[in-house]
Amino acid sequence: MLGLTLDPDFANNRFVYLFYSPADTSVNRLSPFECDGDSLKRATDKVVLQFYSQREICCHTGGSLAFGPGRLLFVSTGDSATPFDEKSERYPSHGFSLTDDRPGHEPYDARRTSANTNDLRGKILRLHIKTDGTYDIPEGNLFAQGTPNTKPEIFVMGNRNPYRIAVDQKRGWLYWGEVGPDAGNDSLATRGPRGYDEIYQARAICPPYYEGKFFIYDWIRHWIMAVTLSPNGNDEAMERFAPRDSFSALIDMELGPNGQLYVLEYGKAWFAKNADAGLSTIEYRGKR
């Protein structure tokens, strides 16, 4: 058993939701069970959700469950990858990122799960649980239903092992602890910084303040503007976006599905190896 939580209406329906690994098949499974005193009625087991979980080698299962307002159930899932070095390999991970994509080495590649939009592992899922134990997809998840090569249950992705989660019952904000990589020392010249455990907060995805606004950027004047449009498409107002940031010849910009703004800067000198050139992301933290 990986995690459990009570149904929001437990006082009346006596249902407990379990996230567990059955002994007879290689899956992780979410099911409600009816509680009878100190026991669970096994006959009431109804599979709500399940997905493949490799049993060849450990680790990273996640498995924490938490209900939020409106019967929204959050489910954490680990990347189903192993942090341990593979024996007799020339280039083991040494506790850093797991990126071995050779056939037969799948447990040593986290990209197949946490970086995969079409896989439920290495994620935090968000489901609207109906009173009959089935679920539908709430608005605001990362991918709309029907989007090719994606799972609409995904709310947060790119996780290693989101081991414990909690939900603010008034605001509906999600909090989780992320177990960091096993690297104990920095290897900045080749592999990156050592691993750290982290605490995260997720409020919403497309912030409401910027919903429907049109983003423009200027190469020469180095700014980004958020333009408010009227219902018929005319411009009504324009304001600086991230006014405290100094950009260097913006050359491209994309808004990702998770609400992050990806910004590509050419640098302020032409036909040069610009130290101020680069690709960066901007996360919305609210207006001040």
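**Exercise 1. State which charged end sits over the ring of tyrosine 209, and how far it is from the ring's centre.**

Solution. The charged end over this ring belongs to lysine 213, and it is 4.7 Å from the ring centre. The model is a predicted one. Tyr209 also belongs to an aromatic cluster, together with Tyr210, Phe215 and Phe241. A further case of a charge over a ring is arginine 164, which lies over the face of tyrosine 163 at 4.5 Å from the ring centre.

**Exercise 2. Classify the ring pair of tryptophan 176 and tyrosine 200, and locate both residues.**

Solution. 
Step 1. The count of aromatic pairs is eleven.
Step 2. In the pair of tryptophan 176 and tyrosine 200, the ring centres are 5.1 Å apart and the planes meet at 10 degrees. Planes under 30 degrees apart count as stacked, so this pair is stacked.
Step 3. Tryptophan 176 is in strand S12 (residues 174-178), while tyrosine 200 is in strand S13 (residues 198-202). The pair therefore ties together parts that lie 24 residues apart in sequence.
Step 4. Buried means under 20% relative accessible area. Tryptophan 176 has 6% relative accessibility, so it counts as buried. Tyrosine 200 has 34% and therefore counts as partly exposed.

**Exercise 3. Classify the pair of tyrosine 210 and phenylalanine 215.**

Solution. 
Step 1. The centre to centre distance is 5.5 Å, with 40 degrees between the planes.
Step 2. This pair is tilted.
Step 3. Tyrosine 210 has a relative accessible area of 12%, so it is buried.

**Exercise 4. Describe the largest nonpolar core and the surroundings of leucine 65.**

Solution. 
Step 1. The largest nonpolar core has 17 residues. Those with the most contacts inside it are Tyr17, Leu30, Leu49, Leu65, Leu73, Val75 and Ile129.
Step 2. At least two residues of this core come from each of the strands S2 (15-20), S5 (49-52), S6 (62-68), S7 (72-77) and S8 (123-129). S8 gives the most, with three residues.
Step 3. Beyond its neighbours within four places in sequence, leucine 65 has contacts that include Tyr17, Leu30, Leu73, Val75 and Ile165.

Key
Residues are numbered from 1 along each chain as its sequence is written. This is a predicted model: local features need pLDDT of at least 70, side-chain atom pairs count only at pLDDT 80 or more; totals for chains, interfaces and linings use all residues. Side-chain values use heavy atoms; hydrogens and water are left out. A nonpolar core is a set of buried Ala, Val, Leu, Ile, Met, Phe, Trp, Tyr and Cys residues joined through side-chain atoms within 4.5 Å. Buried means under 20% relative accessible area, exposed over 50%, partly exposed in between (1.4 Å probe, protein chains only). Helices (H or I, at least four residues) and strands (E, at least two) are DSSP runs, numbered from the N terminus. Contact means heavy atoms within 4.5 Å. Rings of Phe, Tyr and Trp (its six-membered ring) pair if their centres lie within 6.5 Å; planes under 30 degrees apart count as stacked, over 60 as edge-to-face and the rest as tilted. A charge sits over a ring if NZ of Lys or CZ of Arg is within 6 Å of the ring centre and within 35 degrees of the ring normal.
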